[in-house]
Amino acid sequence: MSAAIAITATASLLCASLDRIAFSKALARLKHLIQARAALPVLEAVLIETAGDHLTLTATDLTVFVRVIVPAAVTSPGALLVPLRRLVELSRNRARQLDLAGATVTLGAARHRLAVLDTSTFPAVPTPGGEVLATLLRPTLARALAATTYAMSTDETRPHLAALFIERREDELRLVATDGHRLALARVADTGPDSTLLVGRRAIEEVERLVAAPGGLVRIQRDGDRVWFVSGEEWVSGKVVDATFPSYEQVIPEHFAGRVTFPTKDLVEVVRTVAPKGTPGVRLALLRDAGRIVLTVDDGDGNLTEATVSAAFEGELPAAIGVNALYLRELLGALSGDDRTVTIALNGELDPLRVDGAGGTTAVVMPLRV
């Protein structure tokens, strides 16, 4: 038998019953958008509204809006604006039923009073509209995002880099991110007119949470300076970034002196062994005659860690290359289950490395001096 929450609000007339666990998970998807010490109390709150056989939960930081839904048996329509963090705390309670009457929440023998806000103070919620730029399955979009978003910049003063570039051309949708030191590109087959879109990091992070949950299709829509990622009645909306994304194709090397191909699983395991979190760099000694590569980490204090992985070699290669350990870990962690092999293409030891996954992803990383 599922745990249920019965919500009743005298002032707002909202009355519904729903699964407590589902409610808790929905709140968890919104908590990252809530500001801990917001200038306005409304930015710490979630707007709960009845809609047919479910509740909609909406939160915003004034730029990004997120809406999630929770199936519910609604007996009286209405709306309620409640501090989200307090709801998160209460939804962890083990009681099977939660009763909400106005600002009073009853859980078993305990009663809690909430600082309920006036729903009219919540910012106007944008309605999804405009042109549909692309339609993808949630898992497909999730894989493309995982393959690229790690390369977005975290520097909000560089909005053209703290964003994801989405482009459709040549019958494929391309997602591209770069922070100036590395670049990641994912391709998805998708027909339609050419289009480009630059979406800020905060919105993309919420889209990642949207597509991580089970679901069907996601529509990418644009109306003026606003973009939506819509799946059913759930969506994320943010502002289109008014900036010029770098000419990424000029950054991706096309000609190389040699290539090294690894079994992805083996390389991932070796990197995890020699380069845990905090490791600055990894030296890769390319032992062509032995058909293997030795990965070495020297912490500068006399501690040396080595591990070996088999590899296939093509063309002319330097004796060794150096790679930022964090970049290498994140790059490999972004590969999907379809990427059974990974190929590093390179010229000299200080030239950019191009890394191609078998699943159609491409990454470019600047090497370190070894």
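I looked up R138 and, leaving aside its neighbours within four places in sequence, found it in contact with L210, V211, A213, P214, G215, G216, V218, S231 and E234. I note here that the model is predicted.

Entry on R138. I placed R138 in helix α3, which covers residues 138-146. I then asked: is R138 buried or exposed? Its relative accessibility is 3%, so R138 counts as buried, the limit for buried being under 20%. I also looked up where its side chain goes. The side chain of R138 reaches the backbone oxygen of L210 at 2.9 Å. It also reaches the backbone oxygen of A213, at 3.0 Å. Both L210 and A213 are in the contact list of R138.

Entry on T58. I found T58 in strand β4, residues 54-60. Its relative accessibility is 0%, and T58 therefore counts as buried. Leaving aside neighbours within four places in sequence, I listed A45, V46, L47, V66, R67, F122 and V125 as its contacts. Which side chain does T58 join in a polar contact of 2.8 Å? I found that this partner is the side chain of R67. I also checked V125, which is 67 residues away from T58 along the chain. The C-alpha atoms of T58 and V125 are separated by 8.5 Å.

Entry on salt bridges. Side chains of opposite charge can pair when their charged atoms come close. How many salt bridges does the count give? I recorded 19 salt bridges.

I looked at E249 and R169, whose side chains meet in a salt bridge at 2.4 Å, N to O. E249 lies in the loop between β17 (234-239) and β18 (258-263), and R169 lies in strand β11 (residues 163-169), so this pair ties together parts that are 80 residues apart in sequence. I noted E249 as partly exposed, with a relative accessible area of 42%.

Next I took D179 and R182, whose side chains meet in a salt bridge at 3.1 Å, N to O. I found both D179 and R182 buried.

The side chains of D356 and R354 also meet in a salt bridge, at 2.9 Å, N to O. I asked: is R354 buried or exposed? R354 is buried, with a relative accessible area of 12%. D356 has 21% relative accessibility and so counts as partly exposed.

Last, I followed salt bridges that share partners, and they join E167, R169, E170, E172, R174, R187 and E249 into one network. I noted that E249 and R169, the pair at 2.4 Å, belong to this network.

How values were computed: Residues numbered from 1 in each chain as written. Predicted model: local features only at pLDDT ≥ 70, side-chain atom pairs only at ≥ 80, totals over all residues. Heavy atoms only, no water. Salt bridge = Lys/Arg side-chain N within 4 Å of Asp/Glu carboxyl O. Helix = DSSP H or I, 4+ residues; strand = E, 2+ residues; numbered from the N terminus. Buried < 20%, exposed > 50% of the residue type's maximum accessible area, 1.4 Å probe, protein only. Polar contact = N/O pair within 3.5 Å; in protein donor to acceptor, adjacent residues only side chain to side chain. Contact = heavy atoms within 4.5 Å.
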